[in-house]
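User: I would like to go through the labels used for this model and see what each one rests on. Please set the values against the cut-offs.

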Amino acid sequence: MLTPDKLNDLRDHLQTAVEVELSTIPLYLYTYYSINRTPTLTIKDENRANEINTFANKAGGILMSVAVEEMLHLSLASNILKALGGSPVIYDKSPKNYPTNLLHHKDGFSIGLTKLTQSQLQKFMDVEKPAPVEEDPQGDQWETLGQFYEYIANLVKQTEEWDYSNPDNQLVDGRGYYAPNNIDTVYAKDAAQSSSTVQYANSDDSGGLKQIKNKEDALAAITEISEQGEGFRTDPTHKYDDPSHEEESHWFKYSELNTKFFELELTDEEKKQFIFNFPENPGNPENPNNVELPIKYQPVVDLCDAVYSYLLWMTEMSFTLKGTAQSSMFYIGMHKGMIFILDKIIGGMRRATYKDEKGNEWNLAPTFKNFTFSSKETAKKELVALAELVILENKLKLETEYELSEDILQRIKDLPDVNVVGNKVSFA
């Protein structure tokens, strides 16, 4: 049985879990968007070109598949917290700047936003590193996420039936909130035969959303989070995360990509043809290697940050709603927002280039910084106003160079308003 102090400790660590999962999502998305998944290669050797094309597409699909499951893990941790009488705080909880230290990690574990490189893939492997079976659970001095979640699991094991007093407002399966695969996670085993070699990165039986009604549900959710990341702890290879061996763990996916990257022995010229030259940790004024952004690009970067922050606020608000209202906030918001709006904005941005004071050329990249809205009441109006400014500048062709479709503005106007009164969601 948990004492009140221990129950509060469990809630605190579940909120930390939400923030740890949240801190990894921009890391994976940034590297994902640095990849041109369907490059036009100027390589005469068709076999070599096909090999690079296949790798580019697969790397993108794998990175997005992991990012999607990190969003799932954030929601599972939030469901447990909600069941135990807490409320997840998600908006404005993304790291202030990158590089960032993963919360409560023993050695700090600094990791930042970087384009696709072997060293970044190794960092991703370190994030998802399997916990040795003999390692003790750690809540505040952990070295692997497995240790951290094992600490949470040990607290959950001490809970009682009456601790799970709030089964409502959770994100549950069966509403289409999380599809195991979407268009961005699918890739071809062979780029030359893409129509007949489609590969699905995630498997149906590796796990999904769970409504938490008791400790057994909570423990099942924690197991799912851990195994999707590091694989079965009893499997020395840590390759699979599902019973039918259809899906690889996050750690193994990154390990395979890292190995293939090494084996390709890509030249600098080949890398340039499918990897956008994103700067490291853009937008961090404390970064000594920060590449100063031209003023003309600040509005679209701000819009990107605002859309991402608004998505986090919609997710947080989803855990306060029920039924159709929740579906409108999360499903419509996330699918129109994360999958379409953010993707189209960043996809257009990265085509623009600029030079630093040393003459190095960079592609325009997202910063994934927290955008602070004035209030919940005005947040959507502020987001629309930002979009209108960017569309106007782009329409007037003020040397912006990036590509941004005008229908983005209408898509943003169609998003649900986070200023919810009662259980009714407005789109006005």
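Analyst: The model is a predicted one.

User: Why is arginine 48 called buried?

Analyst: Its relative accessibility is 18%, and buried means under 20%, so arginine 48 counts as buried.

User: What makes glutamate 51 and arginine 48 a salt bridge?

Analyst: The closest N and O atoms of glutamate 51 and arginine 48 are 3.7 Å apart, and the cut-off is within 4 Å, so the pair counts as a salt bridge. Both residues lie in helix H2, 3 residues apart, about one turn of the helix.

User: How do you know that glutamate 51 forms a salt bridge with lysine 260?

Analyst: Here the closest N and O atoms are 3.1 Å apart, again within 4 Å. Glutamate 51 is in helix H2 and lysine 260 in helix H6 (residues 250-264), so this pair ties together parts 209 residues apart in sequence.

User: Why is H4 called roughly antiparallel to H5?

Analyst: Helix H4 (residues 145-156) and helix H5 (residues 215-230) pack at an angle of about 175°; angles over 145 degrees count as roughly antiparallel, so H4 is roughly antiparallel to H5. Their axes are 10 Å apart.

User: Why does lysine 82 count as buried?

Analyst: Its relative accessibility is 7%, and the limit for buried is under 20%, so lysine 82 counts as buried. Its side chain has a polar contact of 3.5 Å with that of serine 87.

Definitions and conventions: Residues are numbered from 1 along each chain as its sequence is written. This is a predicted model: local features need pLDDT of at least 70, side-chain atom pairs count only at pLDDT 80 or more; totals for chains, interfaces and linings use all residues. Side-chain values use heavy atoms; hydrogens and water are left out. Buried means under 20% relative accessible area, exposed over 50%, partly exposed in between (1.4 Å probe, protein chains only). A polar contact is a pair of N or O atoms within 3.5 Å; within protein, one must be able to donate a hydrogen and the other to accept it, and residues adjacent in sequence count only if both atoms are side-chain atoms. Axes are lines fitted to C-alpha atoms, for helices over the stretch in contact, and angles run from 0 to 180 degrees between N-to-C directions. Helices (H or I, at least four residues) and strands (E, at least two) are DSSP runs, numbered from the N terminus. Angles under 35 degrees count as roughly parallel, over 145 as roughly antiparallel, 65 to 115 as roughly perpendicular and the rest as oblique. A salt bridge is a side-chain nitrogen of Lys or Arg within 4 Å of a carboxyl oxygen of Asp or Glu.
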